[in-house]
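Visitor: Could you walk me through this structure, one question at a time?
Guide: Happy to; here it is.

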Amino acid sequence: MIVVNSGLKPKLIIAFLVPTAVAVSASIVASYLEAQKSLESELGERLMVAAGSAAAALSDDLVYDFAPGDQDTRMYKRTLRRLIDLKNATHTARLFAFSPGMKALVDTDPNVEPGDVLYRLERDKVEIHLALEGKQVSSFLFRGKDGNLYKTGYAPIFNREKKVLAVLGADGSTAYFTALSNLWKHMAVVGAVVSLLAVLTGLFVASRLIRPIQNLVIAAKSIGSGDLEQRIEIKGGDEIAFLGKTLEEMRMELLERDRRMQMMLAGIAHEIRNPLGGMELFLGILGEELESSPELLKHLEKVRNELSSLSRIVNDFLGYARPVRLSRKKFDLQELLNEVKELMRKEAAEKEVKLDIEKNDTSLVTADQDLLKRAILNLVKNAIQAVPSKGNVTLSARLEDGEYYEIDVTDDGIGMDVTVLEKATEAFFTTKPRGSGLGLALAAKIAEEHGGRLILRSSRSRGTRATIRIPSKQSGNIDSRSLEAQE
Ligand SMILES: Nc1ncnc2c1ncn2[C@@H]1O[C@H](COP(=O)(O)OP(=O)(O)O)[C@@H](O)[C@H]1O
Ligand SMILES: [Mg+2]
C-alpha cells in the first residue's frame, strides 16, 4: 500500500515555521542589541554631561583639600549642599568627587565620609584613568550583586591651572535603566506576536495545500476499491488540479475498459450458448441411436454433464454481465420463498437436504421480483452445495425495525474462513472445481441495485447465513457489501 498523506501537514508546518522562527528571532535579537547599544550610549552621554557640569561647578582647589574630619566644616557642608542640588537637577542617583588615589572627597551618599577608600571604583579603573587625563567618559553597564544596573559617568575636576586634581563620578538612577528593561519587554511582546502570526499563516497555508491532496487520496482510494462511478470534480489549475484531472481521465478509461470487457465477454458467452443448445439436441438424438449399447451411453452421459455445467457457467455469466435494471412491483415475499423452494426441490432432494421455510407474517414488498428470485436462488444453491448430505437449509424473511426487509438463507454446512469470506462476493472468486464464482457477486449486485446490501456471516464450525437486506422505503442509499466473520 502506498501511503500518500504521511504526515504532510507537520512537514509543511515545520518547513514554514523553522525558517520564519529563525528569521524572526534573529531580527529581534539584532534589533534588541542595536537598540540597547544606542540606548546605553545615550545613557552614558547623559551621565558624562551630568558629571561634567557637576565637575565644572566644583572646579575649585578647595575640593581637593577635604580630609577626614572635615565633614562638619561650613565649607564642606556648603559644597555638599551644592552637590545635592546638582544631583536633583540632573536626576542622577549619586554624585561624588574623589582623589586620584580613589579616596572620597565629597559624596552625596551619606554613608561616605571624606578620606574613605572607594573600593567599587576598582571596576572602572580604565575610565577613571582617562578622566584623570582630562577626558569625560562613562563606564560599561554593570549589574551589581544587588541585581540593580549600574553605569557611571566620570569627568575631571580642574584647578585654575587646568590641572586635573580630582574626578567627579555620576551614578545613573534606576529611572535611567527602566527604559532598557522596558525595551526587552517590548521586544518579547513583538516576538510573540510575530511568531503567533507565523504559526497561524503556516497552519492556514498547510491546510489549504493539504485539503485537495486529501481529497485526491480519497478519490484514489475509491477507484482502488473498485468504485468507478464516483466522478472527480476539478477546480483550479495548479499541479494538484492536474493530478486530479489525470485521475479522472484514468477513472473514465477504466470505466470504459470495464464496459468493453463486459461487452466482449457477453458476446463470447452468447456465441458459446447458441451452439450449446444444438449440441444438447443432437446428444438426445445420439442417445436414442445408442440405446442398445450401454457402454457408449455412459460416455454420452458424461458429455451431457460437461455440457450442462458449461451452459450453467455461460448462463451465470450472462446473468451477471447484463446490466441490472430494476422493474419494481408489489408482491408477497413468502410466496417468493415458496417458489424458490419449489425450484430447488429437486436439487435438495438429490442430496437429501432438508429445505425449510421459517413461517413469518406474510409481507408485501415492492422490489424487482425476478431479480430478487435470482439472488435468493443463488444463495440457496450455495447453501445446498455447502451442507453435507441430510444437512439443513432454512429460508426466512422479515421486516426489520420497519426499515429493512431481510431475507436469510441459513445453512449448517462447511462455512467459510475469513480469507474466503473476504473474497466470496468478488466476481469469479470460487473454491469449487466447477464454480463460476458469480453467484454471490450477482446477489450482491442485485441487493445494491435495490439500495441495500448482501451480508454474509459464516464460521467453519456453524455454517453460513447469507442475508439480503433491502430498504422497505425506496429512497435507500447504496451501501457497500458487508462481511462479518464469526468464530
Ligand atoms: N453457503 C456457503 N457456505 C460455504 N461457502 C460458501 C457459501 N456460499 C458461498 N460460499 C463460498 O463463496 C464462493 C463464491 O460463491 P459464488 O459466488 O456463489 O460462486 P460459486 O458458487 O460458483 O463458487 C464459493 O466458491 C464458496 O467458497
Ligand atoms: Mg454459487
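Guide: One definition before we start: axes are lines fitted to C-alpha atoms, for helices over the stretch in contact, and angles run from 0 to 180 degrees between N-to-C directions. Please keep in mind that this is a predicted model.

Visitor: Are helix 6 and helix 7 roughly parallel or roughly antiparallel?
Guide: The axes of helix 6 (residues 239-289) and helix 7 (residues 294-321) come within 9 Å and cross at roughly 155 degrees. Angles over 145 degrees count as roughly antiparallel. Therefore helix 6 and helix 7 are roughly antiparallel.

Visitor: Is the crossing of helix 6 and helix 7 left-handed or right-handed?
Guide: A crossing is left-handed if the near helix is turned anticlockwise from the far one by less than a right angle. For helix 6 passing helix 7, the crossing is left-handed.

Visitor: How many nonpolar residues are in the contact of helix 6 with helix 7?
Guide: On the helix 6 side, the residues include Leu265, Ile272 and Leu276, and on the helix 7 side, Leu300, Val303 and Leu307 are among them. Three residues of this contact are polar and three are charged, while the nonpolar ones number 17.

Visitor: Which helix gives the largest share of the shell around ligand 1?
Guide: Ligand 1 is surrounded by 23 residues, and the closest are Asn382, Ala386, Thr430, Gly435 and Gly439. Two elements give two or more residues to this shell, helix 9 (369-386) and helix 11 (439-449). The largest share, four residues, comes from helix 9.

Visitor: How many charged residues are in the shell around ligand 1?
Guide: Sorted by class, the shell around ligand 1 holds 10 nonpolar and 11 polar residues, and its charged residues number two.
That shell has 23 residues in total, with the charged ones numbering two.

Visitor: Is Leu395 buried or exposed?
Guide: Leu395 belongs to strand 11 (residues 392-400). Leaving aside neighbours within four places in sequence, its contacts include Leu337, Val340 and Ile357. The cut-off for a buried residue is 20 or more other C-beta atoms within 10 Å. Since Leu395 has 23 other C-beta atoms within 10 Å, it is buried.

Conventions
Residues numbered from 1 in each chain as written. Chains lettered and ligands numbered in written order. Predicted model: local features only at pLDDT ≥ 70, side-chain atom pairs only at ≥ 80, totals over all residues. Near = placed C-beta within 6 Å. Nonpolar A, V, L, I, M, F, W, Y, C, P; charged D, E, K, R; others polar. Parallel < 35°, antiparallel > 145°, perpendicular 65-115°, else oblique. Contact = placed C-beta atoms within 7 Å. Buried ≥ 20, exposed ≤ 12 C-beta atoms within 10 Å, placed from the backbone.
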